Amino acid sequence: MIDFRSDTVTVPTQAMREAMASAEVGDDVYGDDPSINRLQTYAADRLGFEAALFTPSGTQANLLAIMAHCGRGDEYLCGQAAHNYCYEGGGAAVLGSVQPQPIENEADGSISLEKAQAAIKPQDAHFAITRLLSLENTIGGKVLSLEYQRQARDFCDDNGLMLHLDGARVFNAAVKTGCDITEITQYYDSVSVCLSKGLGAPVGSLLLGSKAFIDRAHRLRKMLGGGMRQAGILAAAGQIALEQGPLRLHEDHANAEYLSEGLASIPEMEIDPSSTQTNIVHARCHKGQAAQLRDFLAELGILIKAGDPIRFVTHQDVSRQDVDALLDGIRQFYQS
């Protein structure tokens, strides 16, 4: 099957499988797993932080960040379209007693800092205490500018807030921006990075921050059931993903751009190719036939998710020929 549903569907490379098979392991709950320790040390150094923590998922990494920054009855500001608001089961509220305060995202994926300012609660016993601003980069495939992120840092400093980045695809953002990853991460108190999206690992995410912050997150990870034992088998694949994955993300971006241009040539599809910035493409069916298109393509061995718009995602297991197969399949659907 050719799978355009997400970049989470990638399978581990042969190099990852070999590294996993030969990984040196120990009990990570005791801090004894050398493969995890190596990954955490490398990640912290690479992204410019004091410490890092290996987690089973990006959802847990974001939850740990919110709970480590905020206490019960506090709140965090985030985008209305933010993953940690929309798609993580309400974990901050349910498990951390932390109130999300969503703010409508701007067209470029950013949050208006003027609207964020208005959302900060006054010092009054009636209100939750605003502690944190959480941004996402990329968000829906869109890249936040370095200048905006600098402004967000200044905004947080001026208002006594911490700043977290849901950086599940932050390496895609760095590639698109043409900068080193540290030019983005320098603005944040904490960053989460997904190893199992575009970077291609089978499992895992990282949370990064100061040593004191990671110490708090480590305790919370145990509380949330994230203390794994000989998980160096997973970290070995994550090490390769972090070292090698970013080097090929430009290929995914090029394939996404090629797909966007191809979809624009199909009259029944609605898309602005210039809106595609990284590896995520959004397009609409003029006739509202997304579900029928999904079922038709599945018969051809091509997987998509029906939606309005449809989200197509390119990744290491999608080639230029696979994109052509998708485009041909969509043309066949409308010609049938």
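Me: Leaving aside neighbours within four places in sequence, which residues is His164 in contact with?
Reply: This is a predicted model, in which local features need pLDDT of at least 70, side-chain atom pairs count only at pLDDT 80 or more, and totals for chains, interfaces and linings use all residues. Residues are numbered from 1 along each chain as its sequence is written, and side-chain values use heavy atoms, with hydrogens and water left out. With contact taken as heavy atoms within 4.5 Å, the partners of His164 are Asn62, Ala65, Leu132, Leu133, Ser134, Leu135, Tyr188, Ser190, Val191, Ser192 and Leu207.

Me: Is His164 buried or exposed?
Reply: Buried means under 20% relative accessible area, exposed over 50%, and partly exposed in between, computed with a 1.4 Å probe on protein chains only. Because its relative accessibility is 0%, His164 counts as buried.

Me: How many residues does each domain bring to the contact between domain 1 and domain 2?
Reply: An automatic or database domain assignment sets the bounds, giving domain 1 (14-246) and domain 2 (248-335). The centres of these two domains, taken over C-alpha atoms, are separated by 29 Å. To the contact, domain 1 brings 16 residues and domain 2 brings 11 residues.

Me: What area is buried between domain 1 and domain 2?
Reply: Buried area is the accessible area (1.4 Å probe) that two parts lose on being put together, summed over both. Carbon and sulfur atoms give 51% of the area between domain 1 and domain 2, which is about 1200 Å².
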